[in-house]
Amino acid sequence: MAESHGGAKGPATDAHTEADGGHHGGGFPPFETSTFASQLVSLAIFFVLLYVIVSKLALPKVGGAIEARQNKIEGDLTEAQALKDQSEAALKAYESELASARSRAQAIGNESRDKANAQADAERKALEEQLAAKLAEAEKTIASTRTTAMSNVRGIAADAAGQIVQQLTGVVPDAASVNAAVDASLKG
């Protein structure tokens, strides 16, 4: 068997090449010059067919998807801007309401303070008037008590002076001289 592989020449070798389709000495079929023109025509037809399929079917779908995505993004951006504007308007309204509420609270506080001050002033004046009336009445009472006490002091002083003179001298002094001495002593 080793002989049939390498060294034998003859009819067996010719039969083998004819069984391969009768190609003698050829290389890679796309590089053969006899079929080169038909291969270029087939390539051009296939390229035109592929271009038509891609341009008519695939590219519109891809372009539509890109356009739909772009429209969705623009819609989302528009909606986001509208929501941002709405939130800014709500914030401004809140801030203005807050400022208004603060001013109303300030006004109410000022009004309440003024009312409380007016009421306190009125109560203070009424109390001062009551105290002034009580003070005047107390001064009258003190003056009358002083007058009464002073008149009693004179009598007590005259009695005491008469008793002292009687105890010291043993003689009862006369009332007119005792009263004159007490009046002189009280005047100063």
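## The 36-54 span

Residues 36-54 are 100% helix and 0% strand, and their end C-alpha atoms lie 27 Å apart. Helices here are DSSP runs of H or I with at least four residues, strands are runs of E with at least two, and both are numbered from the N terminus. UniProt, in an unreviewed entry, annotates residues 36-54 as "transmembrane region". UniProt positions follow the numbering used here, feature names are shortened, and annotations may be inferred rather than shown by experiment.

This is a predicted model: local features need pLDDT of at least 70, side-chain atom pairs count only at pLDDT 80 or more, and totals for chains, interfaces and linings use all residues. Residues are numbered from 1 along each chain as its sequence is written, and side-chain values use heavy atoms, with hydrogens and water left out.

## Fold and exposure

The chain has 4 helices and 0 strands. Read from the N terminus, its elements run α-α-α-α. Helix α3 covers residues 36-169. Helix α4 covers residues 175-187.

Of the 188 residues, 2% count as buried. Buried means under 20% relative accessible area, exposed means over 50%, and partly exposed lies in between (1.4 Å probe, protein chains only). The chain exposes about 16,100 Å². Carbon and sulfur atoms supply 63% of that area. Areas come from the Shrake-Rupley method with a 1.4 Å probe; for residues, only the protein chains shown count as cover.

## Nonpolar patch

Phe-46, Leu-50, Val-54 and Leu-59 make a nonpolar surface patch of about 370 Å². Patch members have over 30% relative accessible area and no salt bridge; like charges are joined within 9 Å, and nonpolar side chains (Val, Leu, Ile, Met, Phe, Trp, Tyr) within 5 Å. Leu-59 lies in helix α3. Leu-59 counts as exposed because its relative accessibility is 52%.

A search of the whole structure finds 4 salt bridges. The criterion is a side-chain nitrogen of Lys or Arg within 4 Å of a carboxyl oxygen of Asp or Glu. Side chains of opposite charge can pair when their charged atoms come close.

One of the bridges joins Lys-72 and Asp-76, with the closest N and O atoms 3.5 Å apart. The two residues are 4 apart in helix α3, so about one helical turn separates Lys-72 from Asp-76. Lys-72 is exposed at 52% relative accessible area. Asp-76 is partly exposed at 36%.

Asp-121, Arg-124 and Glu-128 are linked in a network of salt bridges. Asp-121 meets Arg-124 at 3.6 Å, N to O. Arg-124 also pairs with Glu-128, where the closest N and O atoms are 3.1 Å apart. Asp-121 and Arg-124 are 3 residues apart in α3, so about one helical turn lies between them. Glu-128 and Arg-124 are 4 residues apart in α3, again about one helical turn.

Helix α4 has 13 residues and reaches 18 Å from its first C-alpha to its last. That is close to the 18 Å expected at 1.5 Å a residue. The expected span is 1.5 Å times one less than the number of residues.

At the start of α4, a side-chain oxygen of Asp-174 reaches to within 2.7 Å of the backbone nitrogen of Ala-176.

How values were computed
A polar contact is a pair of N or O atoms within 3.5 Å; within protein, one must be able to donate a hydrogen and the other to accept it, and residues adjacent in sequence count only if both atoms are side-chain atoms.
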